[in-house]
Amino acid sequence: MVADIVSGALPLQGGERNSFKVTLVLSFTMFLNILTTVLPGDSKCSPVIRIHFCVCQVLMVISMLVSMFLTRVSQDGLAFFTCFSKRPASQNAEDNKENEDAGNDRLCVILIIAENKGVISVVQQGLSEDSKMLRKIVRFMDAVDTKQTERERHQKLADKLDRIFFWLYLICSSGYVVAMTYVMVQYTCNIDHFEFWN
């Protein structure tokens with residue numbers, strides 16, 4: 001349990017925490033298998049330590065699942081809860097914007113006012129290739145900046161949720177250990193195995 005609590009110091013984004021928690025749960029499962037074969041089993045008076053280790057394993061599995069959930073939140077935010085993703089709509093908006101810009105590129109209309117005649121004439125002129133490339137580069141850089149700010153926002157949300165879960169997990173685990181220690185001290189199993197002689 002202490003190793004599981006201390007694993008909160010590992011970084012959330014890299015995946016090291018998840019792999020550590022999975023290893024911890026698997027090793028604890030192997031320990032429980034060994035413990036089950038060693039402890040005496042009796043239907044009337046089962047050792048309390050079995051219940052204690054089972055509850056510890058449940059808490060560790062919950063911690064592992066929350067860690068995986070928070071890793072997903074740090075990557076995608078809470079968008080995976082929605083049934084309809086917002087990405088296709090934003091891609092359609094970007095396609096429409098590109099088509100609109102392409103149409104503007106083809107029909108760039110320049111109004112020229114002749115100084116001496118006072119006549120307004122319309123001249124159609126295409127934009128140069130350099131300005132088209134410049135617009136594409138600006139759009140690309142804006143998209144990269146938008147994705148970066150969105151990723152930072154998701155990571156801040158995941159870090160905040162991680163801190164909240166860490167403190168809740170620490171408080172619940174500490175409370176459980178104190179309660180279980182009290183139960184283990186007070187619990188006595190009084191079974192008379194020679195009851196059949198009476």
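**A cavity, a helix pair and a salt bridge**

Hi everyone, let's start inside: the largest cavity has a volume of about 90 Å³, that being the space filled by probe spheres set on grid points joined across faces, edges and corners. By cavity I mean a set of points, on a 1 Å grid over the protein atoms alone, where a 1.4 Å probe fits but cannot get out; lining residues have an atom within 4 Å of a point.

Please remember that this is a predicted model, where local features need pLDDT of at least 70, side-chain atom pairs count only at pLDDT 80 or more, and totals for chains, interfaces and linings use all residues. Residues are numbered from 1 along each chain as its sequence is written, and side-chain values use heavy atoms, with hydrogens and water left out.

Back to our cavity. A search of the whole structure finds one of 30 Å³ or more. Its lining has 14 residues, with Gly8, Arg17, Lys21, Phe165 and Phe166 nearest the centre. Which helices supply at least two lining residues each? They are α1 (2-6), α2 (16-38), α3 (48-76) and α5 (129-186); helices here are DSSP runs (H or I, at least four residues), numbered from the N terminus.

Two of those helices also pack together: α3 and α5 meet at about 175 degrees, with axes 8 Å apart. Axes are lines fitted to C-alpha atoms over the stretch in contact, and angles run from 0 to 180 degrees between N-to-C directions. So α3 is roughly antiparallel to α5, a label for angles over 145 degrees.

Now, Lys21 again. Its side chain forms a salt bridge with Asp4 (3.3 Å, N to O), meaning a side-chain nitrogen of Lys or Arg within 4 Å of a carboxyl oxygen of Asp or Glu. Asp4 is in helix α1 and Lys21 in helix α2, so the pair ties together parts 17 residues apart in sequence. By this rule, the count is three salt bridges.

How values were computed: On a 1 Å grid over the protein atoms alone, a cavity is a set of points where a 1.4 Å probe fits but cannot get out, and a pocket is an open set with protein on both sides within 12 Å along at least five of seven lines; lining residues have an atom within 4 Å of a point. Angles under 35 degrees count as roughly parallel, over 145 as roughly antiparallel, 65 to 115 as roughly perpendicular and the rest as oblique.
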